[in-house]
Amino acid sequence: MQYNFKDIEKKWQNIWEERKTFKAEIDRKKKKFYCLEMFPYPSGRIHMGHVRNYSIGDVITRFKMMNGYNVIHPMGWDSLGLPAENAAIKNKSNPKDWTSNNIKFMKSQLKKMGFGYDWDREIATCMPEYLKWNQYIFTKMYEKGLVYRKKSEVNWCPSCKTVLANEQVINGRCWRCESEVGLRDLDQWFLKITDYADELLNSHKELEKWPQKVIAMQKNWIGKSEGAEVEFKVYGTDLKINIFTTRLDTIFGSTFFAISIKHPFVKELIEDSPQKDKIKEFIKEVDRDSKTDLDGNEKKGIFTGKYAINTFNGEKIPIWLANFILMEYGTGAIMSVPAHDERDFEFAKKYNIPIKRVIVEDKSKSYSEDVDDVFTGKGYLINSGSYSNLSSEEAIRKMGGFLRENNLGDLKTIFRLRDWGVSRQRYWGTPIPMVYCDKCGIVPEFLENLPVELPLDIDFTPKGGSPLEKSKEFINTKCPKCGGPAKRETDTMDTFFDSSWYFFRYASLSHNKPFDNDEIKYWMPVDLYIGGVEHAILHLIYSRFFAKVFRDFGWTDLSEPFPHLLTQGMVTLEGSAMSKSKGNIVDPDELINKYGADTVRLFILFASPPEKGLEWNEKGVEGVNRFLNRIWNLFHDNMNILIENKKFDMEKEETKPIFIKLNQTIKKVTEDIEVRFHLNTAIAALMEFFNDFSVSFNKINSNNPGAVRYIFEVLLKLLGPYAPHFCNELWGKLGYNSILEHEKWPDFNPEFIFEEKVNIMVQINGKIRDKIRVNINEEELRVKEMAFMSERVKKYIQEKQVIKMIFIKNKMLSMVVK
RNA sequence: GCCGGAGUGGCGGAAUUGGCAGACGCAUCAGACUCAAAAUCUGACGAGAAAUUGCUCUCGUGAGGGUUCAACUCCCUCCUCCGGCACCA
């Protein structure tokens, strides 16, 4: 029989809502637990990734509630962003309406899954209140010097005359008109996240409960490298070019100098070269390559005609333009040491540049003048003037000192991480609250004028520029300082800005500031943050950065917002992520309608442990549904026994095994949730227990009938977080008015964890030859006696000598015979 | 190239501290119920060998080696796959 999940699930969803079961209020007598899942972008419908993510969070939430925690479990919407704008262009509608319709629908889907959220704390990042504090944070950052303006390139469609987001550029072409996309230099806003690069890296140490993988990814992304910056003079000119190197110790081996084609001094270097036209042609070529030939690994270069003077030995070395030097990293110029760097070696071979060995692995060995292989390791210096014979490390230290003393450079640490460009030339984002006044210059909008809201009467059909640029009422404003006429910034913020602090706002929906520190002190940090591993880098670095900035503002005492992170793997179909554009979406609604939310929740959690990727396969859904039905049927077939509520005896011989199994299951399920988050094995343990229970049901019923009800009660509590509607319904049928979430999570009885008899394996020469059943904690001597009496053991040890015996209590007896 | 992670039956996965490999579920097969099917229930289910039924043995966790009484688990070498970063100076 299939239980009627439709009525039951609706009923309990209403009860949770009416009783405000998941409302979170500060109660300083209780320990809090902040359970957070990454909020969704309201794209229209929830997908399997959401179902998985929120099912995990919901199990933890209910589990923690039953363990006496004051749980906050909020939900909201990352509701600004490009898809809304694209949809608006397509449907000639408004992003706001599109978004709020989607939110409405998705919220109903989440409710249908039975997820327990405190909807009173719901946030949508597009709401005026959120815009206001988002903008306020931006102006604060500006005041503190964490925001600046810089020219930066954007994608530009020449036919639509508009800036394109990266997502709108498909294979180098515009997503709408397919014309080739170019680049444009625009003034844009940046956040100085690099000021925090070192701290973001160092405080990884505090994140003990983060997956190693995520930390490794972030470290990679921040990309710290320690080296030195050295000034080189250009021979015969006043030019000085700085280079960055991690191998200052190799500087005596530098035989050429290479700079990026984008280096600001290129123009001056080639000004009077007879080869000027050829060089310009080369620059164009490399520029083209960099756009088309993504992994173009052939090294190319051209001699500029100028020479640099090696700061350490005065040698003149030729300056080349080379395609493998990036302006974005270091200083855009390098000293090249072909003997000790793979790329420099390849380049030198190609262009017949001398190669000079200056580092050797072994001081006592002699090396030939010819260098036919690259040695990139550290070692000892040779051919390096007064630095010869020093180790690489010593040399770097001394050379660094020399640079500092002579004002020619210094040891320096650089990062791959670059400042965060937050400007977007789009409509559906938080307007950057800056005003351009002819008299006062750039003025951040005052708090009392916030939020700067988006104008609604906007034509979204792309005609050139950002939609905001065309709104006269938006652009024209008063200067907050002098009151004179001024113009508004038309760029909006990267939506990652919005999502970098929403979890503070959930915890404190304060009306006169972004959040209130008293409330933050109670609720924050987030005790468990659950989300897709695809956010391992950007979102999780930005959020950590924001927390540190807030701390430095004096707004909180918190340095890390998420001490415990659980990253779930992606749900894939045929090996690739489900996405609308690929058309491989599995819609959870169909499954919910067919099997009910409880089955869907159980199913997605049972399929694999959360952190692993999950290849979608619907086959197993029948299995978990069967499990629920079997419980339902056993329960209802025995209602008469269950409502009698008789006394029972735990110690009774006939039923002791099921109590032991029950207590073992409590222990296992508790630890699986709490310690490992392996919800799949917790469910498996519950199934295993129920199998035992049904097999021995008649025996229990006839020997110890009162136990049936007790066992069902415990089972419902343990299964409750996974299948909350189902379990609450049965709980009610036992005559309780309470809801399971307010019941206490069962404790296991340590006296019922161990069985009275255990199997001891008898191993002879590494192979298991017998199992003997003995009382728990049986003495070594007695086990040995029994083992020697076993016929099967005798077979293997007769006429042989036992030379070694190892006894592990309750587990095994291992013998070595000869 | 560098940095992570993984590799176990037909499939998803389990084995938490080095101690019974394959829990739990799916699929499959057989049986019961049924006129029949579905549903449900019962049983079998890593590979191979032997056997009269039960009691049996050998091999087996990507490959090869090692440590150990004992290895999916620890060490070394290698292969494959996935993820991140990448002419990073």
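**Figure 1. Met66 is a buried residue, with a relative accessibility of 4%.** Buried stands for under 20% relative accessible area, exposed for over 50% and partly exposed for values in between, using a 1.4 Å probe and protein chains only. The model is predicted, so to be reported local features need pLDDT of at least 70 and side-chain atom pairs count only at pLDDT 80 or more, whereas totals for chains, interfaces and linings use all residues; side-chain values use heavy atoms, with hydrogens and water left out. Residues are numbered from 1 along each chain as its sequence is written, while chains are lettered from A and ligands numbered from 1 in the order in which they are written. Met66 belongs to helix H2 (residues 48-66); helices (H or I, at least four residues) and strands (E, at least two) are DSSP runs, numbered from the N terminus. Beyond its neighbours within four places in sequence, Met66 has contacts (heavy atoms within 4.5 Å) with Lys717, Pro721, Leu740, Glu741, Glu743, Lys744 and Trp745. One of these, Leu740, is 674 residues away along the chain, with 7.8 Å between its C-alpha atom and that of Met66.

**Figure 2. Chain A contains 27 helices and 34 strands.** Its C-alpha trace spans about 105 × 85 × 50 Å along the principal axes. Of the 818 residues in chain A, 54% are buried. Considering contacts between residues at least 6 apart in sequence, 72% join residues at least 24 apart.

**Figure 3. Helix H7 (residues 212-222) has the buried residues Val214, Ile215, Gln218 and Ile222.** These residues span an arc of only 100 degrees around the axis, and therefore sit on the same side of H7; the arc is taken from the directions from the helix axis to the C-beta atoms. Exposed residues Gln212, Lys213 and Asn220 are carried by the face of H7 turned away from its buried side. The cover over the buried residues includes helix H6 (197-202), strand S10 (224-234), strand S18 (409-415), helix H16 (538-553) and strand S27 (565-568). After H7 comes Gly223, with a positive phi near 55 degrees.

**Figure 4. The axes of helix H21 (residues 656-676) and helix H22 (residues 679-695) come within 8 Å and cross at roughly 170 degrees.** Axes are lines fitted to C-alpha atoms, for helices over the stretch in contact, and angles run from 0 to 180 degrees between N-to-C directions. H21 and H22 are therefore roughly antiparallel; angles over 145 degrees count as such, those under 35 as roughly parallel, 65 to 115 as roughly perpendicular and the rest as oblique. On the H21 side the contact involves Ile658, Lys661, Leu662, Thr665, Lys668, Val669, Asp672, Ile673 and Arg676. The H22 side contributes Leu679, Thr681, Ala682, Ala685, Leu686, Glu688, Phe689, Asp692 and Phe693. By class, the contact residues comprise 10 nonpolar, two polar and six charged. Ala, Val, Leu, Ile, Met, Phe, Trp, Tyr, Cys and Pro count as nonpolar, Asp, Glu, Lys and Arg as charged, and the others, Gly among them, as polar.

**Figure 5. Four strands make an open, antiparallel sheet in the order S22-S21-S24-S23.** S22 and strand S23 (476-478) are the edge strands, each with a single partner strand, so one side of each has no neighbour in the sheet. From one strand to the next the twist averages 40 degrees. Strands pair if DSSP finds at least two bridges between them. Four bridges link S21 (residues 434-437) and S22 (residues 441-444) in the antiparallel sense, with Cys437 partnered by Gly441 in S22.

**Figure 6. A mixed, open sheet of four strands has the order S32-S31-S34-S33.** Its edges are strand S32 (767-775) and strand S33 (802-808); each has a single partner strand, so one side of each lacks a neighbour in the sheet. Neighbouring strands are turned by 20 degrees against each other on average, direction ignored. S33 and strand S34 (residues 812-817) run antiparallel and are joined by six bridges. Val802 has Val817 of S34 as its bridge partner.

**Figure 7. Ser508 lies in the loop between helix H14 (502-507) and helix H15 (517-523).** Its relative accessible area is 0%, so Ser508 counts as buried. Apart from residues up to four places away in sequence, Ser508 touches Arg121, Pro514, Phe515, Asp516, Glu519 and Ile520.
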